[in-house]
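Please look over the sequence and the structure shown here before reading the notes on its strands and its charged side chains.

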Amino acid sequence: MTAPRDRFPAFFEALEKRHLADLSFPEVRRALQALSSLYVERRERIGAGAVFDGRGKRAAFALFYGSMHFLLVREIVRALGPVHPAPRKILDLGCGTGTTGAAWALEIEPLAEVAGVDLNAWAVAEARWTVRQFGLRGRTRRGDVVSEKLPRGPAGVLAAFTANELDDARRERLLPRLLEAAQAGSAVLVIEPLSRRVSPWWPEWRTAIEAAGGREDEWRFSATLPRTLALLGKASALDNRQLTGRSLALGF
């Protein structure tokens, strides 16, 4: 049997053409530095949509964070191993540009459908493009991740870099809903950065997930990156030599 084709290089090439057609590399680099500052120093502005405020930030997010998140989620899913029965659909909560849901769907045979939900209209449109570019079936729409109807199994429910951007009240509402989805037969995967500063709520979630039979993991994977992606990280003083994150998983 031949190994499945890696669809990421062609996707990233299309992503470069899409976002660097009217923006220079220095413009995207400056926007990426502003995004990094937003995530580290001004997190209170994230919920107001500041991440996607302006063409430069949108391009920087899609090229850098969207791509890095795809590569990380793909490695995590591979390390966790296949879900049985295989999910027919991946619900990507807070989908952003759609790369995280696509990363999981591409690791399933046959390929799973992707359903993406995000409050930001630009992110939803970009996620639709992402799904098509990867040759996947699916739909993305504007919606609230906390009130979104969660699928019954066999399905996958993904919250990648989403819970840390919710306020405390909405985050408290999301956790029991994820547990209910797992009880109904869905595999649940929560992914966040390694930094504990951005997710002081993590111990509570870990306790609940482990009590339900799930697991916590911290991940560090070596990264082989396209040239532009590697240069963006280096030029912006962002260490992307490794793919890092931590996860809570149920149903794997």
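The points below take up the sheet and then the salt bridges.

This is a predicted model. Its 7 strands form an open sheet with mixed pairing, in the order β3-β2-β1-β4-β5-β7-β6, and the structure holds 13 salt bridges.

**Sheet and helix**

- The edge strands, each of which pairs on one side only, are β3 (138-142) and β6 (215-222), and the twist from one strand to the next averages 20 degrees.
- Strand β1 (residues 89-93) pairs with strand β2 (residues 113-118) in the parallel sense over 5 bridges, and Lys 89 stands opposite Glu 113 in β2.
- Helix α6 (residues 168-183) lies across β1, β4 (155-160), β5 (186-192) and β7 (242-250), and runs at about 145 degrees to β5.

**Salt bridges**

- Arg 141 forms a salt bridge with Glu 148, with the closest N and O atoms 2.5 Å apart; Arg 141 counts as partly exposed at 33% relative accessibility, whereas Glu 148 is buried because its relative accessible area of 8% falls under 20%.
- Glu 218 forms a salt bridge with Arg 196, the closest N and O atoms being 3.1 Å apart, and this pair links distant parts of the chain, as Glu 218 is in strand β6 and Arg 196 is in the loop between β5 and α7 (202-211), 22 residues apart.
- Arg 206 forms a salt bridge with Glu 216, where the closest N and O atoms are 3.8 Å apart; Arg 206 lies in helix α7 and Glu 216 in strand β6, so the pair ties together parts 10 residues apart in sequence.
- A network of salt bridges links Glu 75, Arg 78 and Glu 107.

Definitions and conventions: Residues are numbered from 1 along each chain as its sequence is written. This is a predicted model: local features need pLDDT of at least 70, side-chain atom pairs count only at pLDDT 80 or more; totals for chains, interfaces and linings use all residues. Side-chain values use heavy atoms; hydrogens and water are left out. Two strands pair if DSSP finds at least two bridges between them. Helices (H or I, at least four residues) and strands (E, at least two) are DSSP runs, numbered from the N terminus. Axes are lines fitted to C-alpha atoms, for helices over the stretch in contact, and angles run from 0 to 180 degrees between N-to-C directions. Contact means heavy atoms within 4.5 Å. A salt bridge is a side-chain nitrogen of Lys or Arg within 4 Å of a carboxyl oxygen of Asp or Glu. Buried means under 20% relative accessible area, exposed over 50%, partly exposed in between (1.4 Å probe, protein chains only).
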